[in-house]
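The following note sets out points for a colleague to consider while reading the model. Each point may be checked against the sequence and the coordinates.

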Amino acid sequence: MKRIAVGQLLQETNTLNPVQTTRRHFEVYGLARGREVMDQYGHTEELSGFAALPELLGESVEWLGLLRARAWSGGALAPGLLAELVDSFTAPLRGQRVDGVLLSLHGAQSAAEDPDVTGALLAALRQALGPQVPLVATLDLHANLTRRMVHSADVLVGYHTFPHIDQVSCGQRAAGALTHLLRTDQRPKISAYKLPLLTNTDGRTTDRGVLVSLWKELVAAEDHPEALSTAIYMAQPWLDVPELGWTLYQAYLGERPPLDPERVAAACWQTRAHRQTPFQRPEELVPAALKIPGRPVAVSESHDATNSGAPGDSTLLLTALAGTAIPGGGALSFCVDPQSVARCFAAGQGATLDLEVGGRMDPYSHPLPLRAIVRTLGKVQYTLSGHGGHNLPVDMGRAAVIASGDLTLVLVEETGPGSSPRLYEAVGLDPRDFKIVIAKSPEGFRQDYEPFAAGILYCGAPGCATPFLLEAGFKSVSRPLYPLDEISDMAQAGWAEELMG
Ligand SMILES: [Zn+2]
């Protein structure tokens, strides 16, 4: 019987979003400790993949649950929260013997006190465990690897898909890596290669675009018997922190890394200027959508993507939608606006109200005055499986469906996935009935919308998740960094770590 500590600290941070992530944001998605970690959440996300460990090891596992803390993408952790979370992970280990640790982390998470939450947690755990206990963690493909992460964890296992649909297999691969370490008692070697490269998600998915063949090669390389993890971590770009950039990461047991890091890094660097998406400003986008036959036209409101940690209450696109006649079904969008939800609930179904919608958290827009009818009142609660979650209970709180002209708007109390049509279905709306439907997601929404959409368009504007990175106002990133700087020698501008086990 092996005794394995297990936990999850999963939130993607957008440091441009001024709304701090608090304990309450984690409580919405469920905080769990001790036995509850696997008993209540062992069927969700990466934890459900970890559950393969006993079978892979060929012996039973006693789980020591540390903490399960999950919040939707948003601003940096509020002051004090990082210390509280780290203590919740390390306290259960005091005086305990464990054979190994499996963690589900994000890797692009930032706090008021420390720009690298994942590194801070891994370093604290390494100190609590000592140097010998194997520590394996999963990360999002948009993790921003730091040297502290690379030094503190034995293996970092990344998603191999974007849109993210491999949470379960990623957890299983982490369990497989830990199995290797427990069986062989070997320390893995690590090759980490940091590129001074910042990109948005444009054309950089794993199923299409400029990186597909590179991804195939990377995924195949992990099948090598001596490979424990091969990953390209592309770094969530709305993260104004030191060491921001792509990282090629390999953990392995053999003589040399499965892939030549310099060759693969150079291949990644070659794609740096690739642009695929014709982002349209809000005022251009609505007429363009109306020209597409059929419905719905699914629109990425990328600059306010809640999946990228934006607040979800920008009114730039909303203003264009509200001010235009939209024949053929009207437009459907949502907005995180607890104040307007409260007003709608106080007024009741059927009431006509003068509201000031959104624009209170998003620093790039203002509240939009809207005379609207309260169509229905309800809640947005559902279980997300697909891009962004697996068996993940989602709770966006009370919801008011309002109508104003050709615009139908779902007002919700809490942020949450902006990529899934389930948000609209939860309040009885079918996105297929509308001419235009808005997803607050840069790319992952395609996974859900493409099967039935008449067209896909991308809107870009100023916002916490703007696709126009040169307008984002970075201050804390390490320089030089492409595209903020011209870089003549990529290898000189990044860093490389080779840990020899
Ligand atoms: Zn991601």
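1. Helix α6 and its end. Directly after α6 comes G130, with a positive phi near 85 degrees. The helix itself covers residues 117-129, and its 13 residues reach 18 Å from first to last C-alpha, close to the 18 Å expected at 1.5 Å a residue; the expected span is 1.5 Å times one less than the number of residues. Helices (H or I, at least four residues) and strands (E, at least two) are DSSP runs, numbered from the N terminus.

2. Basis of the model. This is a predicted model, in which local features need pLDDT of at least 70 and side-chain atom pairs count only at pLDDT 80 or more, whereas totals for chains, interfaces and linings use all residues. Residues are numbered from 1 along each chain as its sequence is written.

3. Packing of α6. The buried residues of this helix include V117, T118, L121, L122 and L125. A residue is buried if 20 or more other C-beta atoms lie within 10 Å of its own, exposed if 12 or fewer, and partly exposed in between, with C-beta atoms placed from the backbone. The partners against which the buried residues of α6 pack are β1 (2-10), α5 (81-90), β4 (100-105), β5 (135-139) and α7 (147-152).

4. Overall form. The protein contains 16 helices and 18 strands. Its radius of gyration is 23 Å, close to the 23 Å that the globule rule gives for 501 residues, so the protein is as compact as a globular protein of that length. This radius is taken over C-alpha atoms, and the rule is 2.2 Å times the number of residues to the power 0.38. The C-alpha trace spans about 70 × 50 × 40 Å along its principal axes, and 57% of the 501 residues count as buried.

5. Domains. The assignment, which is automatic or from a database, gives domain 1 (2-274 + 494-499) and domain 2 (282-466). Their C-alpha centres lie 31 Å apart. Contact (C-beta atoms, placed from the backbone, within 7 Å) involves 27 residues of domain 1 and 27 residues of domain 2. On the domain 1 side, α3 (45-50) and α8 (167-184) are the elements that give two or more residues.

6. Nonpolar cores. A nonpolar core is a set of buried Ala, Val, Leu, Ile, Met, Phe, Trp, Tyr and Cys residues joined through C-beta atoms within 7 Å. The largest has 99 residues, and I4, V6, L102, V136 and Y233 have the most contacts inside it. At least three of its residues come from each of domain 1 and domain 2. A second, separate core of 54 residues includes A372, Y424, V427 and F445. Among the residues that I4 touches are L53, V61, W63 and L102.

7. Backbone geometry. P480 is placed in the loop between β17 (455-459) and α16 (490-493), and P483 is found in the loop between β17 and α16.

8. A235 has phi near 65 degrees and lies in the loop between β8 (227-233) and β9 (247-252); A235 is buried, with 25 other C-beta atoms within 10 Å. N391, in strand β14 (residues 389-404), has phi near 55 degrees and is partly exposed, with 16 other C-beta atoms within 10 Å.

How values were computed:
Two residues are in contact if their C-beta atoms, placed from the backbone, lie within 7 Å. Lists of a residue's contacts leave out its neighbours within four places in sequence.
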